[in-house]
Amino acid sequence: MKKILFLTIFFIGLLQSNALFASKTILPKTFKEKPHYAYFLDFFSSTDILVHQKAIDHISENWIESDEILLVDTLYFIKDHRIRRQLLKILEEKTTLKNRDSYNTWYATIWNKPATYNNDYFTFKAKLHSFIDHKFPKYFYQRAHQSLIRLDEVRWGGVRQDGIPPLRNPKMIAANDAKYLDDSNIIFGIEINGDFRAYPKRILAWHELFTDTVGNIPVAGVYCTLCGTVILYKTKHNGVHYNLGTSGFLYRSNKLMYDQKTQSLWSTTLGKPVIGPLANKNIQLEYLSVVTSTWGTWKKAHPNTKVLSINTGHKRNYDEGIAYKSYFATDKLMFNIPKLDYRLNNKDEVLVIKNPSVSDEIIAIASNFLKQNSIYYDKINQTPFVIFTDKSGAHRAYFNEALVFKKYYPHKHEVIDQKGITWEVHENYLRNKITNTKINRLHSYSAFWFGLQSQYPNLRLVK
């Protein structure tokens, strides 16, 4: 987190540099006369006090409701106290926002009423952020009719494109060679076609994304540290492979990815593009299960597992609990969302159950509840399922038509049904030891409560 905050301050400093704003932009000149939104950019493109004053006068005299979000976005990057005082005066005169409040309060107020921005906001957003990274304009320019989410809720997260470097085809090592790991370390475990992998949280928190081929399936594992979400996606959809990366932007504190070919922005939780040329193409990646467990528990269950090597090619402090230490230590958010739901603490972990091929229903089940109920039954879209939870806190969900299970023995990887029949617990299925009948996994993943609820306000919570 310290690195992100440092980079945020660094890039805000760059935004004040006239030399940076004199750099080339990829955006074409589409207006013969200076557009209204351009006056908000004058505070960065010029050091001339007269230019600044003209911009202030123009904004005040030609104020329209859609200027509200432009003014807040502008203030976010301005450090000049003289300019800030005058813009804050306009903010209080022209809006209901109070200049003594914080950015999070301003944004929340704007987000909790109907959007007022017009199509020019896409161009403004592109130009404003082009001064940070020349790749950023591609996300927003000429995207007014290619957006499935509110653009005013898309915020810069403090880094450039892939500024949090993804791990591409990372080096994996045998379990016995992972001397750097302690049994209590948190890992994210996956299995595809008999290929078992473990990705330690202490490493993945510094990279937030890996792309690889696991069990001959191209995948991307996405870890949004801010919202606690760990999701594994198949990156091939209808024969097309999407090479995903970290965009540098957030939507409701959730990481937005991008694909390298079209520079469309993708929702981490939805697994689909939400801004850009792919947004209306009915693309949704298939997701697979990720188990959050401890290294000792996972290794004992899967001794042949591979695990991420600490030699990632990047210099980071990969000690347990270092990355985002202060963020994880409190319930406070770094980037706010429109509205908090206090049924759980913000960063309480929930297990996410959804079956998007069948319905839009979403179920969030509190991890603390599942730890107290090691065998739990429920239905999604009238389809029954069962969840088994072991002492490490690992949750595994399986489709379940009519079986009732009486005992769960995690150390044996077995469950006993009401008829006394033993079923083996595998990552992707349960197997009847007598008949060899298999029951498939219902894919699931873990997330922080606030991050999931902000994406799915109408979800069902079990706690």
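Which helix holds both tyrosine 121 and phenylalanine 124, and how many residues apart are they? Both residues lie in helix α8, which covers residues 120-130, and they are three residues apart, about one turn of the helix. The model described in this report is predicted.

## An aromatic pair within helix α8

An α-helix has 3.6 residues a turn, so residues three or four places apart point the same way. In helix α8, tyrosine 121 and phenylalanine 124 are three residues apart. Their rings form a stacked aromatic pair, with 6.2 Å from centre to centre and 20° between the planes.

Tyrosine 121 is buried, because its relative accessible area is 0% and buried means under 20%. Phenylalanine 124 also has a relative accessible area of 0% and is therefore buried. Both rings belong to a cluster in which ring pairs link Phe40, Tyr117, Tyr121, Phe122 and Phe124.

The model contains 29 aromatic pairs. A pair of aromatic rings is described by the distance of the centres and the angle of the planes. One of the pairs is formed by tyrosine 76 and tyrosine 103, whose rings are edge-to-face, with centres 5.3 Å apart and planes at 80°. Tyrosine 76 lies in helix α5 (residues 67-77) and tyrosine 103 in helix α7 (residues 103-111), so this pair ties together parts that are 27 residues apart in sequence.

The two tyrosines fall into separate classes of accessibility. Tyrosine 76 has a relative accessibility of 18% and so counts as buried, whereas tyrosine 103, at 21%, is partly exposed. The boundary between these classes is 20%. Helix α5, to which tyrosine 76 belongs, is mostly covered: eleven of its eleven residues are buried.

The charged end of lysine 201 sits over the ring of phenylalanine 328, at 4.4 Å from the ring centre. The charged end of lysine 354 sits over the ring of tyrosine 287, at 5.2 Å from the ring centre.

At least two lining residues come from each of β4 (186-192), β16 (291-294), α13 (367-372) and β28 (444-448).

## A buried asparagine and an exposed lysine

Asparagine 254 is part of strand β12, which covers residues 254-259. With a relative accessible area of 3%, asparagine 254 is buried. Its side chain reaches the backbone oxygen of glycine 451 at 3.4 Å. Beyond its neighbours within four places in sequence, asparagine 254 is in contact with several residues, including Cys224, Cys227, Phe249 and Gln455.

Lysine 179 is located in the loop between β3 (172-174) and β4. This lysine is exposed, because its relative accessible area is 70% and exposed means over 50%. The side chain of lysine 179 reaches the backbone oxygen of asparagine 176 at 3.0 Å. Lysine 179 and serine 309 are 130 residues apart in sequence, while their C-alpha atoms are 9.9 Å apart in space.

Conventions:
Residues are numbered from 1 along each chain as its sequence is written. Side-chain values use heavy atoms; hydrogens and water are left out. Helices (H or I, at least four residues) and strands (E, at least two) are DSSP runs, numbered from the N terminus. Buried means under 20% relative accessible area, exposed over 50%, partly exposed in between (1.4 Å probe, protein chains only). A polar contact is a pair of N or O atoms within 3.5 Å; within protein, one must be able to donate a hydrogen and the other to accept it, and residues adjacent in sequence count only if both atoms are side-chain atoms. Contact means heavy atoms within 4.5 Å. Rings of Phe, Tyr and Trp (its six-membered ring) pair if their centres lie within 6.5 Å; planes under 30 degrees apart count as stacked, over 60 as edge-to-face and the rest as tilted. A charge sits over a ring if NZ of Lys or CZ of Arg is within 6 Å of the ring centre and within 35 degrees of the ring normal.
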